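The sequence and structure come first.

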Amino acid sequence: MTPSPAVLPAAFADLAPFTAWALPTETARNRRRLASDMGEIRAFAEAMLPRLDAIAAHLDGFDLDALPKPEADLFAMMLSVAEIAPAIESYDQPAVCDGYDSARFPAVESHRLRPAF
Amino acid sequence: MNQPVTGAQPARLHDRYPDLGRGPLPVAPYIDPAYWELEKAHVFKKTWLHVGRVEEIPTAGDYFVKDLAACDASIIVVRTRSGAVKAFHNVCSHRLNKVVYEPCGKVRKFFCKFHGWAYDLDGRLTGVPDEAAFEADFDKETHGLTPVSCDVWQGFVFINMDPAPALSLADFMAPMFGGLEGYPFHMFTACYGWSTVVNCNWKMVLDAFQETYHVGYVHGRSIADALEKTDTGSPHPIDGLCGDFHRRLSIAGNPKSVYGNPKAATTGASAAAEALAGSNRPIATAALRLAQGGTKLSFDEVRLPDGLNWTRHPNWAFDINCVFPEFYLSTRPNYFQAYNFRPISHDKTLFEARVYYPEMKTAGGRFYQEYMKVALRDVLLEDLSTLEHTQAAAATGAKDHMVLQDFEIMVRHGAVVVDRLIRAGLEADRARA
């Protein structure tokens, strides 16, 4: 499946090289983390970290439950930063060290009380 | 037996509960298919089992189904038109097809796909195609869905396969968890979950979650620094309580960490500053900073019950509440976790993990929540990592006992209670025979 190319809000056009991380589900974000090497993961984190406050402020100008596509993609990229945090802060590798296979521990994306985003 | 203990820590938990014994623990109950059959008959088919939250079925016709291998049953839990929560066997009264195939949904009535029999939300048989072709005395009133005992504690739905449970759910819960009543479970309505079938005995899985001895090792890279360590370098629980069925552990956190300082997310600036000062984790730091003020609910309105943090420890982080037999409920000031370790066979367990956070109104709040959730998921992947190896090792028969230290008393307590109920069940069967 080829995702439709993300076009970010103008103020965040500099993050365009990283739109492959604009993935709407935890499952997809985790899969991308595990398919990336630490160079890619660190480059993404370094690009995003200085922009997180501005991204949060920008997104809070919208209804989070009805974000336009560019904002939704930006939000998904922000959540991808949370996804890669353990790779950087705990494991120094993409996967959990000696961990159980995350493909065997899938997120229940359909739970009634799960936030849309 | 369940009196909370305040003040100084006990010298040894085992000193407080001499009836539990001190010797090594037999391995057989973890690997023996015959023991599993006894557990099914004398434990799982006779006790209250947690199956979900009331928020999953808010309005009439909302239902979910739980397949409980330990009870040889598929159970429908449904919200009726009167607002009650009821449970039925997912078995048609006619020729025994399931009346529901989906794991959850919303219905007006339950329709069997085999011959079209219809049941209302109270389980009454209301429609039988070509009813006149049955015998003249056929009475729909006597052919409803088979009810299953069902009750709710603090928004948690429990079922009991015993049609006349020996203990009501309230009486089952009150001795150990009465002090937890009033905890704002209903306010934490952003739920994330994961599940897996792990090739391991259910007690072995549960045991991995009811002690902190493993934290420094299994979680050495991730959250070990979020727990308060004693001078031995090991994170000891603040206190532990063992009851007739249930058990509790109280755990202290490291306030100089984002994961281990729950106040940072609830009481705002000063606690957050303390957590951030100790953090060498840039993404964690950003998440906590951006989270401030992000929750929809105001924590000023949240009243935590006295039964939480029963020792009043200043660095208390969370309590682990093990609701017998296999429901793990971890209560924190700002969220809770609800895990079930549903046995499938003597060496297979369905692990259903759920975490319930407050809903977030800001992007920063949601980012913090994603950070906490992903960290938790990865910690669970660490917890799960040893289990199948442990089960395989146990099954070799090389060891017939395992050795426990004082702070693994909850492992002992769980095994002792299961064994006690099996003995009592066998005794009762013999008396009847």
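In which helix of chain A is the place of A:L59? A:L59 is in helix α3 of chain A, where helices (H or I, at least four residues) and strands (E, at least two) are DSSP runs, numbered from the N terminus.

## Basis of the model

This is a predicted model, in which local features need pLDDT of at least 70 and side-chain atom pairs count only at pLDDT 80 or more, while totals for chains, interfaces and linings use all residues. Residues are numbered from 1 along each chain as its sequence is written, chains are lettered from A and ligands numbered from 1 in the order in which they are written, and side-chain values use heavy atoms, with hydrogens and water left out.

A:L59 is buried, at 0% relative accessibility; buried means under 20% relative accessible area, exposed over 50%, and partly exposed in between (1.4 Å probe, protein chains only). Apart from neighbours within four places in sequence, A:L59 is in contact (heavy atoms within 4.5 Å) with A:L64, A:L67, A:E71, A:L74, A:F75, A:M78 and B:A363. The C-alpha atoms of A:L59 and A:R31 are 25 Å apart, and the two residues are 28 residues apart in sequence.

In chain B, B:E408 sits in the loop between β19 (401-402) and α12 (409-432) and is buried at 12% relative accessibility. Its contacts, again leaving aside neighbours within four places in sequence, are B:E211, B:Y213 and B:V403.

## Salt bridges

A salt bridge is a side-chain nitrogen of Lys or Arg within 4 Å of a carboxyl oxygen of Asp or Glu. The count over all chains is 37 salt bridges. In one of them, A:D14 pairs with A:R51, with the closest N and O atoms 2.5 Å apart. A:D14 lies in the segment before α1 (26-35) and A:R51 in the loop between α2 (38-48) and α3 (52-59) of chain A, so the pair ties together parts that are 37 residues apart in sequence. A:D14 is partly exposed, at 44% relative accessible area.

A:R112 and B:D62 form another salt bridge, with 3.7 Å between the closest N and O atoms. This pair joins two chains, because A:R112 lies in the segment after α4 (69-91) of chain A and B:D62 in strand β3 (residues 62-68) of chain B. A:R112 is partly exposed at 48%, whereas B:D62 is buried at 0%. Within chain B, B:R53 and B:E55 meet at 2.9 Å, N to O; B:R53 is buried at 2%, and B:E55 is buried at 18%. Salt bridges that share partners also join residues of both chains into one network, including A:E26, A:R29, B:R366 and B:E370.

## Backbone geometry

The peptide bond from B:F324 to B:P325 is cis, with omega near 0 degrees. B:P325 is in the loop between β15 (316-323) and β16 (327-331) of chain B.

Two residues other than glycine have a positive phi: B:L96, near 75 degrees, and B:N309, near 45 degrees. B:L96 is in the loop between β5 (85-89) and β6 (104-106) of chain B and is exposed at 61% relative accessibility. B:N309 lies in the loop between α9 (282-291) and β15 of chain B and is buried, with a relative accessible area of 11%.
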